[in-house]
Amino acid sequence: MDMYKIFATKKENNDFIFDETQAHHLKVLRLRNQKILVNYETNFYECFLEDYSKAKIIEKLNINNEFGFEVVVAIPIIKQANFEIALQKSTELGASKIIPFISEHTDKSNINVVNKIDRNKKILLEAAQQSFRNVIPELSKVISFDELINLDYKNKVLAYENAKNSPLEKVNENIVLIVGPEGGFSLNEIEKAKQKNVKIVSLTKSILRSETALIYMLSKVI
């Protein structure tokens with residue numbers, strides 16, 4: 001569908017109510033008096049935008065663009081521009097949850113990327129709208145590498161440049177995808193991951209940036 005898509009958080013009777021920021025954006029796009037798609041509580045509705053602050057429901061649509069399983073991506077703390085690309089592309093490619101983490105080679109000077117809460121939420125929202133998602137991915141709090149590999153998921157996959165003959169495989173069940181920071185994972189971390197039954201996989205012959213590796217993994221497993 002080529003109608004404009006927007007998420008709503010407030011519903012009154014047969015209308016969706018937009019906040020001031022959303023109304024301003026709709027006004028800039030000059031979308032008044034036309035049909036739009038509104039996502040409310042994971043469901044899509046075809047609506048008529050009567051004015052920029054509200055849209056009247058025409059009908060509820062049977063649209064589900066989500067996978068039937070959970071796709072969790074674990075992103076290391078990296079530079080802001082790269083972190084934002086990772087957020088955007090993870091959302092576009094279907095991630096349901098995003099977990100930032102700190103490992104041995106993490107550059108701690110980048111830790112503020114996770115404190116830009118409003119900006120990060122805006123990136124996730126806009127990416128979800130653009131890619132026709134039913135849900136906006138959850139952005140979790142920062143955890144340690146040890147906490148990450150101990151998460152209660154059967155399938156955890158870690159990309160490691162020195163892995164041998166361990167290609168990625170498509171899945172249809174809950175999975176956690178883990179990529180490393182600029183300095184990669186330490187041998188100690190790889191051994192810890194193996195002890196926790198994390199699958200260690202190779203991606204390409206070249207060394208990829210964290211956000212590029214994440215895009216590659218998502219495109220291969222789902």
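Residues carry numbers from 1 along each chain as its sequence is written, and side-chain values use heavy atoms, with hydrogens and water left out. Because the model is predicted, local features need pLDDT of at least 70 and side-chain atom pairs count only at pLDDT 80 or more, while totals for chains, interfaces and linings use all residues.

Start with the overall layout. The chain is split into domain 1 (5-60) and domain 2 (71-219), with bounds that come from an automatic or database domain assignment. Taken over C-alpha atoms, the centres of the two domains sit 33 Å apart. Seven residues from domain 1 and eight residues from domain 2 make up the contact, where contact means heavy atoms within 4.5 Å. Between them the domains bury about 700 Å², and 68% of that is on carbon and sulfur atoms. Buried area here is the accessible area (1.4 Å probe) that two parts lose on being put together, summed over both. On the domain 1 side, K5, F7 and F44 lose the most area to domain 2, together accounting for 73% of what that side buries. As for salt bridges between domain 1 and domain 2, the count is zero.

Next come the strands. Helices (H or I, at least four residues) and strands (E, at least two) are DSSP runs numbered from the N terminus, and two strands pair if DSSP finds at least two bridges between them. Strand β4 (residues 35-40) runs antiparallel to strand β5 (residues 43-51), with six bridges. Across this pairing, L37 stands opposite E46 in β5. The two strands form a hairpin with two residues between them, and E41 in the turn has a positive phi of about 55 degrees. β5 also pairs with strand β6 (residues 54-61), again in the antiparallel sense, over seven bridges. A hairpin with two residues joins β5 to β6, and C47 has I57 in β6 as its bridge partner.

Then there is the packing. A nonpolar core is a set of buried Ala, Val, Leu, Ile, Met, Phe, Trp, Tyr and Cys residues joined through side-chain atoms within 4.5 Å. Buried means under 20% relative accessible area, exposed over 50%, and partly exposed in between (1.4 Å probe, protein chains only). The largest nonpolar core has 28 residues, and V73, I75, L177 and M217 touch the most other members. At least two residues each come from β7 (71-76), α2 (80-92), α3 (117-130), β11 (156-159), β12 (175-178) and α6 (210-221). The largest share, five residues, is supplied by α6. A second, separate core has 19 residues, among them V72, A193, V198 and I200. In soluble globular proteins, nonpolar side chains tend to be buried together.

N120 is found in helix α3 and counts as buried because its relative accessible area is 2%. Neighbours within four places in sequence aside, N120 is in contact with F83, L87, V113, V114 and L139.

Finally, the charged pairs. The structure holds ten salt bridges, each defined as a side-chain nitrogen of Lys or Arg within 4 Å of a carboxyl oxygen of Asp or Glu. K35 and E46 form one of them, with the closest N and O atoms 3.1 Å apart. This pair links distant parts of the chain, with K35 in strand β4 and E46 in strand β5, eleven residues apart. K35 is partly exposed at 42% relative accessibility, whereas E46 is buried at 10%. E84 and R119 meet in another salt bridge (2.4 Å, N to O). Here the link runs from E84 in helix α2 to R119 in helix α3, 35 residues apart. E84 is buried, at 13% relative accessible area, while R119 is partly exposed at 46%. The salt bridge of E191 with K194 has its closest N and O atoms 3.8 Å apart. Both residues lie in helix α5 (residues 187-195), three residues apart, about one turn of the helix. E191 is partly exposed at 42% relative accessibility, and K194 is partly exposed at 45%.
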